[in-house]
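Hi everyone, thanks for coming. I'd like to walk you through one model today, starting with charged side chains and then moving on to helix packing. Please have a look at it first.

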Amino acid sequence: MNTIMRKSVLSVAGLAFAGGVFAGPIAAHANPVDAKPVAAAVQSTAPKPQGEQSRITLNDEQTANVKAIIAATKKAGLPERAAVISIATSLQESKLENLGHLGDMNDHDSLGLFQQRPSSGWGTPEQITDPAYSTTAFLKGLKQVDGWQDMPLTQAAQTVQVSAYPDAYAQWEQQATDLVGQYWNS
């Protein structure tokens, strides 16, 4: 590239940079009545999904369970990250289906969205199969995990659930995040 061309390119780049630097503070003082809403991505401090992600298509019952988990999370006064962890956990444990006793196919006496066990003190079978109750029980355990908000989802979920497959929760993080984004404000 010849010298004149290089200087021209650098001059244009410099003007663009300077225009951005100076326009930023000026634009910040614009009249808010004239401002138009702009979609902006919110940066989360939560860790990004780890590993290969799984996804399933949800039916009406599963979608209702997502909404129940979100409602229980809001009622508990917890942030969206808690709902993401809860939904990802339920996706892994039951595919968001409120499972009753499955006989020989069941892992011990595990029931409900989170496959919680009455024999482990999670509640009665009736309580555990109530989505609001089971979510609240899960969230109570989550709140006892120091730093759960900033740790990888699978670590937070595993600390509460104590699963034989501790890394399995991570595969559902993106779908859980998408579901919370879709239903949190509805």
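Let's begin with Glu173 and Arg81, whose side chains meet in a salt bridge, at 2.8 Å from N to O. One thing to keep in mind: this is a predicted model. Glu173 sits in helix H7 and Arg81 in helix H3, so this pair ties together parts that are 92 residues apart in sequence.

Are these two partners buried or exposed? Glu173 has a relative accessible area of 3%, so Glu173 is buried. Arg81 comes in at 12% relative accessibility, and therefore Arg81 counts as buried too.

How many salt bridges does the structure hold? There are three. Another of them joins Asp178 and Arg55, with the closest N and O atoms 2.5 Å apart. This pair links distant parts of the chain: Asp178 belongs to helix H7, residues 173-183, while Arg55 lies in the loop between helix H1 (3-28) and helix H2 (60-75), and the two are 123 residues apart. With a relative accessible area of 33%, Asp178 is partly exposed.

Then we have Arg117 and Asp109, with side chains that meet in a salt bridge at 2.7 Å, N to O. Arg117 has 26% relative accessibility, so Arg117 counts as partly exposed.

Now for the helix packing. Helix H3, residues 80-94, and helix H6, residues 153-161, have axes that come within 10 Å and cross at roughly 70 degrees. That angle is why H3 counts as roughly perpendicular to H6. For those of you who like handedness, the H3 and H6 crossing is right-handed.

Which residues make this contact? From H3 we have Arg81, Val84, Ile85, Ala88, Thr89 and Glu93, and they meet Leu153, Ala156, Ala157 and Gln161 of H6. The residues of this contact divide into six nonpolar, two polar and two charged.

Let me finish with the whole protein. Its secondary structure comes to seven helices and zero strands, which from the N terminus on reads α-α-α-α-α-α-α. Of its 186 residues, 35% count as buried. Finally, among contacts with a separation of 6 or more, 60% come from residues 24 or more positions apart.

Methods. Residues numbered from 1 in each chain as written. Predicted model: local features only at pLDDT ≥ 70, side-chain atom pairs only at ≥ 80, totals over all residues. Heavy atoms only, no water. Axes fitted to C-alpha atoms, helices over the stretch in contact; angles between N-to-C directions. Helix = DSSP H or I, 4+ residues; strand = E, 2+ residues; numbered from the N terminus. Parallel < 35°, antiparallel > 145°, perpendicular 65-115°, else oblique. Left-handed = near helix turned anticlockwise from the far one by under 90°. Contact = heavy atoms within 4.5 Å. Nonpolar A, V, L, I, M, F, W, Y, C, P; charged D, E, K, R; others polar. Salt bridge = Lys/Arg side-chain N within 4 Å of Asp/Glu carboxyl O. Buried < 20%, exposed > 50% of the residue type's maximum accessible area, 1.4 Å probe, protein only.
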